[in-house]
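Reader: I have a model open and want to learn how to read it. Where do we start?
Author: With the display itself.

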Amino acid sequence: MNGRIGHISEIVSALRLAPVDFDAVFSGKDNLTPLTAVEMYLDEQLRLRAEKQNTLRRKRAGLPYEKTIEQFDFGFQRSVTKETMLRLSDMTWIEQAYNVCFLGPPGVGKTHLAAALTSKALEAGYAAVFTTLDSLVKDLKTEQVLAKSNRRMKYIRKAALITIDEVGFMPLNPQEANLFFGFISEMSEKTSVIVTSNKGFDEWIDFMGDAAITTAILDRLIHHCEIINMTGESYRLSHRKSITH
Ligand code: ADP
Ligand code: MG
């Protein structure tokens with residue numbers, strides 16, 4: 001029996017299939033017809049392949065942390081309801097290339113909710129990526145010259161959901177604002193975008209630098225968009241842990 005399993009393992013690796021845990025799949029199932037056994041083996045191959053793809057997709061997504069909607073305290077943050085977040089968790093809006101914007105001051109949970117939705121999208125099998133505006137602009141600026149940026153931008157452009165965190169943290173120069181505009185217009189209507197920003201839309205001109213570009217970006221972004229205005233205290237500050245108590 002062991003010699004047989006060894007032989008099968010050799011074939012599996014020559015065919016570049018995933019190693020199947022025979023004990024787990026076939027234990028207690030002694031009287032299988034050959035057809036059923038083959039079917040079960042192939043089903044397990046499919047499951048393992050999907051699992052591998054999910055792991056890879058999650059790794060490539062670049063999430064800053066694993067946070068869920070269940071971990072979010074909606075009693076503390078009252079400007080967004082759990083119902084809204086659960087409704088968005090069904091991900092049907094990705095099919096219509098809708099966008100979601102989380103706006104609000106630091107520490108109110110924008111990145112947490114954006115990451116949680118990105119994670120839900122990955123679970124649902126969508127290619128989703130998470131980036132900051134700073135990192136996106138760096139990749140856009142260097143995609144023609146750096147292989148790493150080029151690869152990253154190719155992956156981002158193919159994604160069904162692109163989460164852009166921390167829009168408004170850093171001022172953009174005119175070249176950067178133009179690249180960002182080009183990117184948003186290229187993606188609009190075909191890809192969903194989640195944006196988080198510590199600035200209200202009326203303040204975007206302050207870091208974009210140019211009124212026409214700001215209007216053009218916002219025009220595309222908020223055409224089909226769920227806008228979630230978050231207010232209140234910083235969760236970080238009110239749940240600050242000190243070293244001594
Ligand atoms: P923002 O992006 O708005 O600056 P974050 O989403 O990064 O804030 O939140 C800061 C930290 O506080 C994170 O660790 C996040 O998980 C946590 N946090 C924020 N709001 C809540 C909340 N209502 N319930 C649970 N954790 C929260
Ligand atoms: Mg944040």
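Author: First a definition: a disulfide is a pair of cysteine sulfur atoms within 2.5 Å. Keep in mind that this is a predicted model.

Reader: With that cut-off, how many disulfides does a search of the whole structure find?
Author: The search finds 0 disulfides. Cys101 is in none, and its nearest cysteine sulfur, that of Cys225, is 3.6 Å away.

Reader: Is Cys101 buried or exposed? And Cys225?
Author: Cys101 has 0% relative accessibility, so it counts as buried. Cys225 has 19% and therefore also counts as buried, since the cut-off is under 20%.

Reader: Next, helices. How do I read which way residues point?
Author: An α-helix has 3.6 residues a turn, so residues three or four places apart point the same way. Now take a case. Helix 11 covers residues 211-221.

Reader: Which residues of helix 11 are buried?
Author: They are Ile213, Thr214, Ala216, Ile217, Leu218 and Leu221.

Reader: What happens at the start of helix 11?
Author: Asp210 places a side-chain oxygen within 2.9 Å of the backbone nitrogen of Ala212.

Reader: How far is Asp206 from Leu172, in sequence and in space?
Author: They are 34 residues apart in sequence. From C-alpha to C-alpha, the distance is 9.3 Å.

Reader: How does the shell around ligand 1 split by class?
Author: The shell has 6 nonpolar, 6 polar and 4 charged residues.

Reader: Which backbone atoms does ligand 1 approach with its oxygen atoms?
Author: Follow the residues in order. A polar backbone atom of Gly107 is 2.7 Å from a ligand oxygen. For Val108 the distance is 3.2 Å, again from a ligand oxygen to a polar backbone atom. For Gly109 the corresponding distance is 3.1 Å.

Reader: How much of the accessible area of ligand 1 does the protein cover?
Author: On its own, ligand 1 has 550 Å² of accessible area, and the protein covers 88% of that.

Reader: Which elements give two or more residues to the shell around ligand 1?
Author: Helix 6 (110-123) and helix 12 (235-238) do. Helix 6 gives the most, with 3 residues.

Reader: Let me try a single residue. Where does Ser234 lie, and what does it touch?
Author: Ser234 sits in the loop between strand 5 and helix 12. Leaving out residues up to four places away in sequence, Ser234 touches Phe76, Pro106 and Gly107. Gly107 is also one of the residues closest to ligand 1.

Reader: What does the side chain of Ser234 reach?
Author: It reaches the backbone nitrogen of Leu237, at 3.2 Å. Ser234 has 12% relative accessibility, so it counts as buried.

Reader: And a residue within a strand?
Author: Take Thr163, in strand 3. Its relative accessible area is 0%, so it is buried. The side chain of Thr163 makes a polar contact with that of Thr118, at 2.9 Å. Beyond four places in sequence, Thr163 also touches other residues, including Ala114, Val129, Phe130 and Ile194.

Reader: Last, backbone angles. What should I look for?
Author: Positive phi in residues other than glycine. Glu166, in strand 3 (residues 161-167), has phi near 60°. Glu166 is at 32% relative accessibility, so it counts as partly exposed.

Reader: What is the phi of Arg16, and where is Arg16 found?
Author: Arg16 has a positive phi of about 55°. It is found in the loop between helix 1 (2-14) and helix 2 (22-26). Its relative accessible area is 77%, so Arg16 is exposed.

Key
Residues numbered from 1 in each chain as written. Chains lettered and ligands numbered in written order. Predicted model: local features only at pLDDT ≥ 70, side-chain atom pairs only at ≥ 80, totals over all residues. Heavy atoms only, no water. Buried < 20%, exposed > 50% of the residue type's maximum accessible area, 1.4 Å probe, protein only. Helix = DSSP H or I, 4+ residues; strand = E, 2+ residues; numbered from the N terminus. Polar contact = N/O pair within 3.5 Å; in protein donor to acceptor, adjacent residues only side chain to side chain. Near = heavy atom within 4 Å. Areas by Shrake-Rupley, 256 points an atom, 1.4 Å probe, with all protein chains shown as cover. Nonpolar A, V, L, I, M, F, W, Y, C, P; charged D, E, K, R; others polar. Contact = heavy atoms within 4.5 Å.
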